[in-house]
Amino acid sequence: MRKWEEMQERSFYESTARERAVNLVDKGTFTELLAPIDKKTSPHLPILGEAVSFDDGVVTGVGKIGNRPVFVISQEGRFIGGAVGEVHGAKMVATFRLAQQSYEKIKAKYPNDYESRVPAVVISFETGGVRLHEANAGLLAHAEVMEQIQHCRGKIPVIGLVGSKVGCFGGMGFVVVATDMVIMSDRGRIGLTGPEVIEEAMGKKEFDASDKSLIYRITGGKHKYIMRDAAYLVQDTIGAFHKQVAEALKMSYDEVQSHRCIGSLKLVEEQLELVKIAAENNFKDATDVWAYFGNKKSDQIQDQFYDEFIREAKRRPRR
Amino acid sequence: MGMTMLGKGRKAISMILDEGSFVEGKIDGYTLPDIGPGAVIGTGSLKGRKVTVIANDAMVRNPRFPVVYSGVIGMEEAYKMATTVYKMIELDKNKPQGEKRPLVLIVDTPGNGPGKVEELFGMNKATGAYQLSLAEARQHGHPIVAMIIGRAISGAFLCHGLQADHILSLSEEFQTMIHVMPLAGISRITKRDIESLTELSKTNPVFASGAGFFYKLGGLEELVHNVDDMKDTIDRHITEVYKCNAEGNSEKCGPWGRGILGKERGGRETRDEVIRMMYDEFAKVEAQYI
């Protein structure tokens with residue numbers, strides 16, 4: 001494996017889950033838990049004649065950023081689209097539990113000085129949601145992850161990263177927006193329903209699933225940044241994501257929480273105002289929404305380079 | 001038997017609650033916003049106990065969001081549901097744990113709003129918000145019991161059902177449907193022919209659809225075989241959840257509790273092995289990190 005310093009320059013989008021996991025935390029600090037050597041594979045895939053992966057499509061482990069233990073979940077899109085089955089889901093849930101157990105231990109060990117040592121959970125999403133080959137177990141695992149995120153509230157920052165090939169879709173689309181802070185690159189994508197299903201529900205005239213550019217505008221990092229579903233938009237390197245996570249871990253817990261888009265009555269009311277805007281305007285494309293929020297050259301946004309976009313983008317106002 | 005409760009969310013409310021007790025659109029003195037017609041919400045009593053009810057109404061269309069009908073949970077519906085839960089928490093803020101009012105979810109929903117504007121404005125946020133509110137209500141000690149009367153499909157079941165303390169379902173003779181995707185869809189995506197999948201699904205609960213399989217996986221606490229038993233069964237489960245919470249065992253309920261149940265019933269045994277192995281491996285390196 002290449003050196004940590006070199007890997008900081010590498011494209012996040014192109015990187016494997018393990019490359020992301022190892023290099024999102026400080027140099028030389030990552031320990032993988034339930035690594036491929038443990039060969040804990042899906043018991044369900046062989047029944048359907050499918051190949052297994054020794055990590056079941058997710059890298060889990062712990063590293064450090066500064067003083068703080070960082071529990072990492074990194075999904076691998078190259079294995080069944082990063083989809084969540086029983087083992088994959090259990091690895092995610094166990095990682096959250098370890099973070100919470102560590103929080104209690106740290107608090108007991110450093111009663112006067114624990115705040116700067118509080119653990120964090122960082123999830124690098126690359127997934128289509130539930131793995132259909134073991135759909136029921138995958139769905140139940142999603143519910144567990146959501147519960148664990150709520151259990152971390154008030155204690156442990158949970159940060160979601162989206163910038164990999166598969167994006168973050170299906171049930172994991174709920175999970176990512178439930179984190180405290182979402183960090184994306186322009187190439188990241190977040191959504192819930194697959195384009196084909198939307199086309200089927202709306203008709204091809206209203207929504208053409210083969211229009212990749214349209215789908216990219218709706219689900220892509222720039223749109224999510226303008227909507228504030230993503231707190232930060234960073235360049236497509238592992239180093240840029242690492243740096244933004246490190247910045248977040250310097251913030252107070254309340255400051256991290258201030259980037260949430262859901263998770264309280266106040267935030268729900270804020271989102272409901274957006275739904276009202278959606279109901280009152282006949283938005284046909286993401287560009288219409290960008291224009292609504294004051295982006296004059298909305299038709300050029302998709303082609304803008306990072307620096308220009310960050311400089312000029314008008315984001316939806318907060319309440 | 002031929003009987004079904006599919007599409008009959010409102011009828012289910014009247015069967016489950018004490019006669020004439022349901023007040024729609026109200027959580028005590030608070031009036032819910034007049035949006036999201038696909039979600040029927042209100043307060044009533046169940047065997048004398050005050051409860052909040054959230055149900056799907058499969059018979060209406062949302063006039064503002066054309067993909068929302070037939071019990072689909074759209075953005076308005078989901079945020080209305082989340083608002084309800086947060087208001088309920090707020091209203092019972094000063095009550096002791098054992099007196100937080102229960103929440104009954106009546107489940108008959110085929111999905112989340114599958115539309116363009118839904119993706120643009122974030123359907124995922126809406127139902128994600130509802131899931132978080134339910135998880136928070138459980139933390140405060142509100143017992144949540146879900147009763148599946150019809151469809152509990154994929155993402156819609158995730159938000160309206162799977163965060164409950166206990167989940168009950170009418171058994172399959174009532175044409176209840178619980179799945180992520182029907183076998184035909186799984187066949188298309190996994191590239192396995194439907195005949196062999198059908199054969200496999202008779203013995204493998206992990207991808208097949210149906211209440212019985214979810215039971216085996218620990219995804220349901222109890223199957224209800226008679227519609228007239230719904231009321232008593234829900235009441236009994238509310239009492240059980242209160243007891244669980246009072247004994248400090250709230251983790252025996254909810255999603256984590258159903259993980260334990262999945263092992264007990266033999267449908268999901270690997271989950272527990274994975275978690276234990278992760279704990280053991282971390283214990284060996286813990287000193288480097290804590």
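**Reading the model**

Tutor: Start with one pair of strands. In this predicted model, strand S3 (residues 68-75) and strand S4 (residues 120-125) of chain A run parallel and are joined by five bridges. Within that pair, Val72(A) lies opposite Val122(A) of S4(A).

Student: Which helix packs on the sheet there?

Tutor: Helix H2 (residues 17-24) of chain A does, touching strand S2 (58-65), S3 and S4 of chain A. The direction of H2 makes about 170° with that of S3(A).

Student: In what order do the seven strands of chain A lie in the open sheet?

Tutor: The order is S1-S2-S3-S4-S5-S6-S7, with mixed pairing. Strand S1 (31-33) and strand S7 (232-234) of chain A are the edges, each pairing on one side only. On average, neighbouring strands of this sheet are turned by 25° against each other, direction ignored.

Student: Now chain B. How many helices and strands does chain B have?

Tutor: Chain B has 11 helices and 10 strands. Its radius of gyration is 19 Å, close to the 19 Å given by the globule rule for 290 residues, so chain B is as compact as a globular protein of that length. Of those 290 residues, 57% count as buried. Among contacts in chain B between residues at least 6 apart in sequence, 71% link residues at least 24 apart.

Student: And how is an interface described?

Tutor: Interface size is often given as the accessible area lost when the parts come together.

Methods: Residues are numbered from 1 along each chain as its sequence is written. Chains are lettered from A and ligands numbered from 1 in the order in which they are written. This is a predicted model: local features need pLDDT of at least 70, side-chain atom pairs count only at pLDDT 80 or more; totals for chains, interfaces and linings use all residues. Two strands pair if DSSP finds at least two bridges between them. Helices (H or I, at least four residues) and strands (E, at least two) are DSSP runs, numbered from the N terminus. Axes are lines fitted to C-alpha atoms, for helices over the stretch in contact, and angles run from 0 to 180 degrees between N-to-C directions. Two residues are in contact if their C-beta atoms, placed from the backbone, lie within 7 Å. The radius of gyration is taken over C-alpha atoms; the globule rule is 2.2 Å times the number of residues to the power 0.38. A residue is buried if 20 or more other C-beta atoms lie within 10 Å of its own, exposed if 12 or fewer, and partly exposed in between; C-beta atoms are placed from the backbone.
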